[in-house]
Amino acid sequence: MTPDHVEQRLRELVIETPSWGYGDSGTRFATFRQSGRPRDVFERVDDAAEVHRLTGTAGAVALHFPWDAVDDYDALRDHIEGRGLRVGAVNPNLFQDPDYKLGSITHPDARVREKSVAHLFECLQIAEQLGSSAQSLWFADGTNYPGQDDLRARRQRLRDALARVYSELPAAQELLIEYKLFEPAFYATDLADWGSSLLVCQKLGDRARVLVDLGHHAQGVNIEQIVALLSDEGRLGGFHFNNRKYADDDLIVGSVNPFELFLIFFELAGDALPRLTIDQSHNVEAKVEAMVLSIVNLQEAYAKALLVDRDALSAAQQAGDVLGAHEALLDAYRTDVRDLCARARAALGAAEDPIAELRTSGYAERVATERETPQEITR
Ligand code: LRH
Ligand code: MN
């Protein structure tokens, strides 16, 4: 692909940033409050809009409920669209309420399962009001000890609950089913891997696809191969981009293993891109800058993947030229695409160097002053 064509594809890129990535987050050991942190969903949207202003390709914000719940969803939608963004995926939260200790849609107690399904139905309506086209479903459901519950019965409950949600799914929406190997469950997670998620999606219908969170696999798992498989099956619904060295560390995407990120985009580059969402928690680093750097890392990984000389690659593969094929990938990966990405951002009216622009803009200092002065928030 020519650099001009790559630049064109970069200009079409839409990455969703997570509202929850701008607020306080931590580990079980501590949460370190940051001055200037947003106090409500409106200020989280303001930070997302600043990231989009600087990068040009962060035009949507993913929301989480009830973390982002408000009384007037029309006012929230107006604020989001007024800031030049659109609403990305809606994420129901079925992992914090005390009733969900032993599970939500898989809970042995039908009353708790009913409560879970009611929240999922509520999120279908919230998405309709906000113009969102996806329910991004992650279930913390699982067990901590062998024998704690019947694994098959839990699976049946999960499928029954999702079948009810799917039967009520508005035409404009789809279901994204996220899996995770462990945490908070430490013996068996009900949706632990891509296979369990894919099987559930296939039983539900065409508007149910798998969401791949880069932090949700065992060490050593070949994520780009899972991406190739799901994409080939037409069941790759989206990503939660982040990076990890150990477990679900939720670090900045591309900060630990940029080559893996390049290989994931290489597996995607041929087809229409699925939903691209960032899912990170910035425990010690400046949150807006972390999100800007994440978008830049994604832009660069995508650009490098688009630059792979596919004719040379397939010729080497056909010829059994093992290293010739590998070096065709390395050639693109080793290409410095920073200027290309800077041009694409400039063409979108964004910053050629968004990090430098952010640091000299005074944005962090301004919001720190605004948000620390204890005046009543008038919305
Ligand atoms: C679970 C998860 C899920 C979100 C949460 C914030 O680990 O990846 O996608 O709901 O993080
Ligand atoms: Mn996730």
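## Ligand 1 and its contacts

A polar contact here is a pair of N or O atoms within 3.5 Å; within protein, one must be able to donate a hydrogen and the other to accept it, and residues adjacent in sequence count only if both atoms are side-chain atoms. In this predicted model, histidine 216 has a side-chain N or O atom 3.2 Å from an oxygen atom of ligand 1. Glutamate 178 puts a polar side-chain atom 2.7 Å from a ligand 1 oxygen, and aspartate 279 also has one at 2.7 Å from an oxygen of ligand 1. The protein covers 89% of the 300 Å² of accessible area that ligand 1 has on its own (Shrake-Rupley method, 1.4 Å probe).

## Strand β4

What about β4, residues 134-138: is the strand enclosed or open? 5 of its 5 residues are buried (under 20% relative accessible area), so β4 is largely enclosed by the rest of the structure. Ala134, Ser136 and Trp138 cover one side, with Gln135 and Leu137 on the other. In a regular strand, side chains alternate between the two faces of the sheet.

β4 runs parallel to β6, pairing over 5 bridges (strands pair if DSSP finds at least two bridges between them). Glutamine 135 has leucine 175 as its bridge partner in β6.

Leucine 181 sits in the loop between β6 (174-178) and β7 (188-189). Leucine 181 counts as partly exposed because its relative accessibility is 37% (the class between 20% and 50%).

## Ground rules

Residues are numbered from 1 along each chain as its sequence is written, with chains lettered from A and ligands numbered from 1 in written order. Local features need pLDDT of at least 70, side-chain atom pairs count only at pLDDT 80 or more, totals for chains, interfaces and linings use all residues, and side-chain values use heavy atoms, leaving out hydrogens and water.

How values were computed. Helix = DSSP H or I, 4+ residues; strand = E, 2+ residues; numbered from the N terminus. Buried < 20%, exposed > 50% of the residue type's maximum accessible area, 1.4 Å probe, protein only.
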